[in-house]
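Please look over the model below before reading my comments.

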Amino acid sequence: MSIVKTENVVYEYQRLDEEGNVEGVTTAVDHVSLDVKEGSFIAILGHNGSGKSTLAKHINAILSPKEGSVWVDGLDTAQEENLWEVRSRAGMVFQNPDNQIIGQVVEEDVGFGPENMGVPTKEIWERVEESLRAVGMYEYRKHSPNKLSGGQKQRVSIAGVLAMHPKVIVLDEPTAMLDPTGRKEVIRAARGLNQVEGVTVILITHYMEEIVHADQVFVMDHGKIAMQGTPREIFSQVERLKELRLAVPQVTLLAHELKQSGIPLPDGILTRKELVEALVAYKNSQK
Amino acid sequence: MLRDITLGQYYQTDSVIHRLDPRVKLAGTLVYVITLFFYKNFVGYALAILFLALVIRLSKVPFKFMVRGMKSILFLLMITVLFNLFLTPGTPVVSFWKLHITQEGTALAVSMALRLTLLVIGSSLMTLTTTPNNLTDGMEKGMGFLRIFKVPVHDVAMMMSIALRFIPILLEETDKIMKAQMARGADFESGNLIKRAKALVPLLVPLFVSAFRRANDLAMAMEARCYRGGDGRTKMKPLKYKGRDFTAYAILLFFMVFSIWAGRLRLPMLMVGIVQ
């Protein structure tokens, strides 16, 4: 069953000059149609300015499409009366960890969403505990968010969204401001949600390493979907990815270069382990 | 250097005073400060000092934290004392040159100093024993009655708690911008007042821009988490009066009535002076 569906979504930003006149129009999202199945892990990839964040904001009804429609769990996001229902079913985690934590104590921040939804006090506590445990931040529940690392802050943000019991979580470049350790923590937490809690995850990113485990990948460029498929299908087109200004993971790049210099390796190698296995198999076949 | 500034000087420990409902503490501070202005003799002040000492003892907050708050008003205190001491007309006790210290002046100066000191220590005891969060919660609930006059109580409380959350972040940011500007040759420390004020412009402009950007992001994040004002909102930590809160209210009431009664007795030797 599809949980998020977009049909020919168009969104434009107006550029204004200093007097406030319309100088020009930038089409950030250009006729995008996609269909996300419930329980899947989706990645949307693209370089800066490709329109991927704009698209993400449509799923949470922060932005409304200029043309076309977006449905979340069967609800049309353009309808005013669906607004809060859409937002409670599709949670969103943003890029800057400091600018989305409202509470002064970790557990209070996680409780913010359920408080807004009018969940009874006792149930808020249950939800907070279960969400903090799901992202592995339970022992930090009494801490001040200011004292946490970037990765920990983002995990708190994820828990804050999770406590609202959404069906979809949209992560809008959650790792862009983090160090490599923090990045790994966040991606692990996101995968955990998908596999353990069964929440549909839509990960927006420009780091290719993070999409290796996705069920399906969409690559965006100039507001359009340029490529789509499984990670393996995407990674097998190294030249095309380079054209789209995306950095291919080192392992995939190495495999690609080796193949071009004449070593017969399979397409779309994603992990170091796969490359080692492929090379061993090649060596054995040479004997 | 900016990180040394602490706002909301909460002292973490576990005591009866810490566990009291914030509304009790807010009301208590208010009552205490108001009673200070009713005394006409020093018996009242003695009672007030005794009461405060007792509460401080119960709160387990070391006394030096109370005194810390005094530093900021030391100057004001000195001026008040000096003016009252020398400029109150009455029976002179000591005179030299054109200055006279009068009996009334001494009494008034001492009483003013006591008032100010007790006022500051009393209210800092509240902030020392209540987390900023609890305090805003207490204000929201305790002043809820203002809603009938269309005062947006919830919104104000929410703004206060967001401000408190962002103070350390913005301080850190100021520090960062300052260092970045200093690395490019900005000078914040030398020159006269005007020059220094001018030097702050390249610090404040980026700070403001970034504060607005943060506000924009935060508003979006709050809306994404279904925030739509105070209506229909439940509380994760609702405030509920417990037995000890009523006891505290009773003690407060008794203190107020008794100390005002004792503080207004006509005891000629202990009178404050002209306040008659």
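1. Confidence overall. This is a predicted model. The predictor assigns the complex an ipTM of 0.85 and a pTM of 0.79. For chain B, the average pLDDT is 83. In that chain, 93% of the residues score at least 70.

2. Confidence along chain B. Helix α10 (residues 201–224) of chain B has the highest confidence in its chain, with a mean of 91. The lowest is in strand β1 (residues 92–96) of chain B, at 76. Residues 1–7 of chain B need care: pLDDT stays under 50 there. The model has 8 contacts beyond four places in sequence for this stretch. Where pLDDT is low, the predicted coordinates should not be read in detail.

3. The contact between the chains. Chain B puts in 26 residues and chain A puts in 29 residues. On the chain B side, α7 (132–142), α8 (153–183) and α10 each supply at least two residues. The largest share of that side comes from α10(B), with 8 residues. By class, the side of chain B that touches chain A has 14 nonpolar, 4 polar and 8 charged residues.

4. A residue in α10(B). B:Ala215 is found in helix α10 of chain B. Is B:Ala215 buried or partly exposed? B:Ala215 has 13 C-beta neighbours inside 10 Å, so it counts as partly exposed.

5. Helix α7 of chain B. Which residues of α7(B) are buried? They are B:Asn133, B:Leu135, B:Thr136, B:Asp137, B:Gly138, B:Glu140 and B:Lys141. These buried residues pack against α2 and α8 of chain B. Helix α7 of chain B is also one of the helices that supply at least two residues to the side touching chain A.

6. Helices α2 and α6 of chain B. Helix α2 (residues 22–35) of chain B packs with helix α6 (residues 103–129) of chain B at an angle of about 175 degrees. Their axes are 9 Å apart. Angles over 145 degrees count as roughly antiparallel, so α2(B) is roughly antiparallel to α6(B). From α2(B), the contact uses B:Lys25, B:Thr29, B:Tyr32 and B:Val33. From α6(B), it uses B:Leu119, B:Gly122, B:Ser123, B:Met126 and B:Thr129. The residues of this contact divide into 4 nonpolar, 4 polar and 1 charged.

7. Helices α3 and α4 of chain A. The axes of helix α3 (residues 106–117) of chain A and helix α4 (residues 121–134) of chain A cross at roughly 125 degrees and come within 9 Å. That angle makes α3(A) oblique to α4(A). The crossing is right-handed. On α3(A), the contact is made by A:Glu107, A:Val110, A:Gly111, A:Pro114 and A:Glu115. On α4(A), it is made by A:Ile124, A:Arg127, A:Val128, A:Ser131 and A:Leu132.

8. Helices α3 and α5 of chain A. The axes of α3(A) and helix α5 (residues 150–162) of chain A come within 7 Å and cross at roughly 35 degrees. The crossing of α3(A) and α5(A) is right-handed. Here α3(A) contributes A:Val106, A:Asp109, A:Val110, A:Phe112 and A:Gly113. Facing them in α5(A) are A:Val156, A:Ala159, A:Gly160 and A:Val161. By class, this contact has 6 nonpolar, 2 polar and 1 charged residues. Note A:Val110, which is listed in the contact with α4(A) and in the contact with α5(A).

9. A loop residue with positive phi. A:Glu173 is not a glycine, yet its phi is positive, at about 45 degrees. Where does A:Glu173 lie? A:Glu173 sits in the loop between β7 (168–172) and α6 (180–197) of chain A. A:Glu173 is buried, because 20 other C-beta atoms lie within 10 Å.

10. A further positive phi. A:Arg245 is a residue other than glycine with a positive phi, near 60 degrees. A:Arg245 lies in the loop between α8 (238–243) and α9 (250–260) of chain A. A:Arg245 counts as partly exposed, with 13 C-beta neighbours inside 10 Å.

Technical notes:
Residues are numbered from 1 along each chain as its sequence is written. Chains are lettered from A and ligands numbered from 1 in the order in which they are written. This is a predicted model: local features need pLDDT of at least 70, side-chain atom pairs count only at pLDDT 80 or more; totals for chains, interfaces and linings use all residues. pLDDT is the predictor's confidence in each residue, from 0 to 100. Helices (H or I, at least four residues) and strands (E, at least two) are DSSP runs, numbered from the N terminus. Two residues are in contact if their C-beta atoms, placed from the backbone, lie within 7 Å. Axes are lines fitted to C-alpha atoms, for helices over the stretch in contact, and angles run from 0 to 180 degrees between N-to-C directions. Angles under 35 degrees count as roughly parallel, over 145 as roughly antiparallel, 65 to 115 as roughly perpendicular and the rest as oblique. A crossing is left-handed if the near helix is turned anticlockwise from the far one by less than a right angle, and right-handed if clockwise. Ala, Val, Leu, Ile, Met, Phe, Trp, Tyr, Cys and Pro count as nonpolar, Asp, Glu, Lys and Arg as charged, and the others, Gly among them, as polar. A residue is buried if 20 or more other C-beta atoms lie within 10 Å of its own, exposed if 12 or fewer, and partly exposed in between; C-beta atoms are placed from the backbone.
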